[in-house]
Amino acid sequence: MTAPDHRSTSPLENGPAGHGPAGVGRRALLRGGAVVATAGVVGLGSGAGRAGAATGTPTVAAGGQVLGGRPAFTSGVQAGDVDTSGAVIWARSDRPALMTVEVSGSESFRSARTVGVTRLTDATDRTGVVAVNGLPPGSEVFYRVRLAAADDPRRVGETLVGRLRTAPVRPRDVSLVWSGDVCGQGWGINPDRGGMTIFETMRRLSPDFAICSGDFVYADGPLAETVALPDGSVWHNLVTDEKRKVAETLAEFRGNFRYNFMDANLLAFNREVPWVFQWDDHETTNNWYPGEILTDDRYTEKRVDVLSARSRQALFEYTPTLPGRPDPAGRLYRKISYGPLLDVFVLDMRSYKNNNGVGQTDPAGAAILGTRQRDWLIDGLTRSRATWKVIANDLPLGIVVPDGTTAIEGVAQGSPGVPLGREVEIGQVLSAIRRNRVRNTVWITADVHYTAALSYHPDRAATKDFDPFWEFVAGPLNAGTFGPNALDPTFGPEQVFARTPPPGQSNLPPSAGLQFFGRLAIDGGSRALTVELRDAAGGVLWSKALPAG
């Protein structure tokens, strides 16, 4: 696919004075003071904007010139993949436009500096990103995105403001939140219940960034306007044309991403908290693997490779993510360095896996990472000088995730003994971590639609060639709740904590209160990492402090 065009330019300060609204406080800027409400957005209010900006109503400019056709935002703004000096800024316009990004260390934007301009064209569904470099480390940075008409930059449209915190170069407190699974199993945005309020809960924690552990959209999960609940009440979904059927065309995949941005809780979160995105199966279709030919009668396009290519293009278009380099295929797996205390290794356990029904009991192994990604991960962990190495795995390691009655969707294949099938690659990674004396590794995931804390130890395992480690599971964000799944004993997991539906119940709606996210917080002084598993209201269900080794 073709990545959105972008330009990177210069450092934050010493530029010409900006034209921001002097004296406007941060909450006013970020929560609506310079924001035009988007039609159809539900949840939190997003404020008011300038007359004529969204509608294209002609406006008289200075000197009497009549301007019209001003571009407007359709889906807010986002930042992503923030490190010590850079970030990726994203926006989408309702028409072809010029997107200009300014940054400032002040919420007044008095010392704003333009750091990038890109064109939003129909080729990328009028989405675009600007890769910003030269930001000061360890700083709060405000960014302002301006839209102007593609054929006449004088026709200025809407402006939106966001903020981010760059990674420090010296130890300080760092925190992140993670989860996955948005609008799945028939549970979409419900205006009657305030939309996806879990994003507001996470925003209030003011994390440095968030990790989406996959299934940010359910392209294979059509929505109905109403769903009857067991208590006699009704769940009401906001529904768009693209959410009435499974996604097959590029336009339908794009529409699935746009759908989530109709929730104002998510838009407000995006303006304040940068993302790190990975994908899993539902961005394309359930349990897919490369080369698969579907038998699902809902699809006219049966080739998963065609569907996943379209999904992948939509993912890059609709998230603040740049294709990995120097891989010519534009890989998704990557490392995010967030200062001396934290490196995050973002895995792609979807693009390189083998057939779900083949080789899962083969002692020679089967692919889940692929050789290149496995070696990249081992090398990156070995070279990392960060205190904590967080590995974001979009499929859990020791939880059995089946695909039907005979195939295996995840890593664990369910039988005791030495590593088999996809467990072999994971065993090689764990062995290398021990051999190379890599300390302080933690694995985080979602996927199974419940929350859990798993302790892995060689004393309980069939294979002994690894050091003890933890894996933490969170989710869903706004989808059906399931579980618990069985554990595979190969790496000696012990389920220390889990919160799942009551026995005999499954696919519980978000209104049941079983939606979850996780939080990691590193103390800048002691360097200890505290893990919290939380519910949608923010309640801490389980917590553990892990000392730095």
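**Group meeting: a loop, a pocket and a helix pair**

P476 sits in the loop between β22 (469-473) and β23 (493-499). Strands here are DSSP runs of E with at least two residues, helices are runs of H or I with at least four residues, and both are numbered from the N terminus. This is a predicted model, in which local features need pLDDT of at least 70 and side-chain atom pairs count only at pLDDT 80 or more, while totals for chains, interfaces and linings use all residues. Residues are numbered from 1 along each chain as its sequence is written, and side-chain values use heavy atoms, with hydrogens and water left out.

Back to the loop. The peptide bond from G475 to P476 is cis, with omega near 5 degrees. P484 is also in the loop between β22 and β23, and the bond from G483 to P484 is cis, with omega near 5 degrees. Most peptide bonds are trans, and most residues other than glycine have a negative phi.

On phi, D81 has a value near 50 degrees, which is positive in a residue other than glycine. D81 lies in the loop between β3 (73-80) and β4.

Next, the largest pocket, with a volume of about 360 Å³. A pocket is an open set of points on a 1 Å grid over the protein atoms alone, where a 1.4 Å probe fits, with protein on both sides within 12 Å along at least five of seven lines; lining residues have an atom within 4 Å of a point. The volume is the space filled by probe spheres set on the points, which are joined across faces, edges and corners.

β15 gives the most, with four residues. The lining has seven nonpolar, four polar and six charged residues. Nonpolar covers Ala, Val, Leu, Ile, Met, Phe, Trp, Tyr, Cys and Pro, charged covers Asp, Glu, Lys and Arg, and polar covers the others, Gly among them.

Last, the helices. α6 (residues 371-383) and α7 (residues 423-435) pack at about 20 degrees, with axes 10 Å apart. That makes α6 roughly parallel to α7, a label for angles under 35 degrees. Axes are lines fitted to C-alpha atoms over the stretch in contact, and angles run from 0 to 180 degrees between N-to-C directions. The contact (heavy atoms within 4.5 Å) involves T371, R374, L377, I378 and L381 of α6 and E425, Q428, V429, A432 and I433 of α7.

Conventions:
Angles under 35 degrees count as roughly parallel, over 145 as roughly antiparallel, 65 to 115 as roughly perpendicular and the rest as oblique.
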